[in-house]
Amino acid sequence: MFRHIHRVHSILLLVVAMWLPLATAAQSVTLAHIGPFTGPAANDACDLNAGMLAYLAEANAKGGVGGRQMDLLTLDDRYDRAEFSKQFSQAQSRGAVALLSPLGLNALRSLLEDQLLERSDMVVVNALPGATPFRSPGHPRLFHIRASDRQQIEKILVQASVVGVRRMAVLVHDLRAGEADVKGAQAAHAELGALVLQLHEAPDNADSLASLARTIAASDSQAVLVIGSPPPNGRVGGRTSEGRR
C-alpha cells in the first residue's frame, strides 16, 4: 500500500514539475477524476474518489506538491464511452493536468482507441483495468501502477491449483479485453494444465446474467472467477452460491 502511494506521489511530482513553468505562483494544480459514479461500477468509483480526497487533503496539509495545493475535479461518465469523452473534454477545458484512475473498459477504449490522449496534454495515472490491450502498446502518458490483469489472474490460478481446484468457470465482462490474459496466464504455468477453465462472456442484461450464473452453478465447476464489472456483479456470486447449497 505504501509503495503504491509512493508511486502515485512520484508521478504527481513529475506531472507538476512539467506544469510549473506554465503556472503562476499562486495557481493550484487541478487533477481530474472521471469515474462511473452511476452504473454498475459506482461503488468502485466512489471508493477511489474517497481515497483520492483523503490523500490530497493530507498532501495539501504538508504543503502540496512543488509548493502548489492540489484540487480534485470530479466528473461522472455514467459508465458510457461517449459520456467519458465528453467529461474528458470538460476536464481539459478546466485546466486539469492529470487524470486519476479512469475506471472501466469504456474509459480506456475512449482514451486509446478514440485517441483522446493525442488531443490533450493530460497525463493518466493508475488506469483500470490493466488488461493487455490497454498496456501494450499503451501510451507514453498512460501510467499503470497496479499489477496487470494477467499477473493477478496468474496468481489466482496458481492459488486455486494449490488448494485443489481442477475445474474453474471464468466469467469475463468483455472477452475481447480479457480472454488473452486468462489464456496467457494459464499458458505461463504449464503445471496448471490440469486446471480446466470454462470461459463465459457476461451479458449486459441482468436477467441473462442471472440465467448464466445458474448454468454455472449447475456445472461441475469448483470455483468461479469474475473478471470485470458485469451488472450487477453481486448477482453472480449470489446465484452461483445458491446453486451449490
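P137 sits in the loop between helix 5 and strand 5 (142–143); helices (H or I, at least four residues) and strands (E, at least two) are DSSP runs, numbered from the N terminus. The bond from S136 to P137 is a cis peptide, with omega about 10 degrees. This is a predicted model: local features need pLDDT of at least 70, side-chain atom pairs count only at pLDDT 80 or more, and totals for chains, interfaces and linings use all residues. Residues are numbered from 1 along each chain as its sequence is written, and side-chain values use heavy atoms, leaving out hydrogens and water.

**Another cis peptide**
- L128 and P129 are joined by a cis peptide bond, with omega about 10 degrees.
- P129 lies in the loop between strand 4 (123–125) and helix 5 (132–135).

- Y79 has a positive phi of about 60 degrees although it is not a glycine.
- The loop between strand 2 (70–76) and helix 3 (81–93) holds Y79.
- Y79 has 16% relative accessibility, so it counts as buried (under 20% relative accessible area; exposed is over 50%, partly exposed in between; 1.4 Å probe, protein chains only).
- S101, also not a glycine, has a positive phi near 50 degrees.
- S101 belongs to the loop between strand 3 (98–100) and helix 4 (105–112).
- S101 is buried at a relative accessible area of 5%.

- Three strands form an open sheet in the order 7-6-8, with parallel pairing (two strands pair if DSSP finds at least two bridges between them).
- Strand 7 (196–201) and strand 8 (223–227) are at the edges, each with a single partner strand, so one side of each lacks a neighbour in the sheet.
- Strand 6 (residues 167–172) pairs with strand 8 in the parallel sense over 5 bridges.
- A169 has V224 in strand 8 as its bridge partner.
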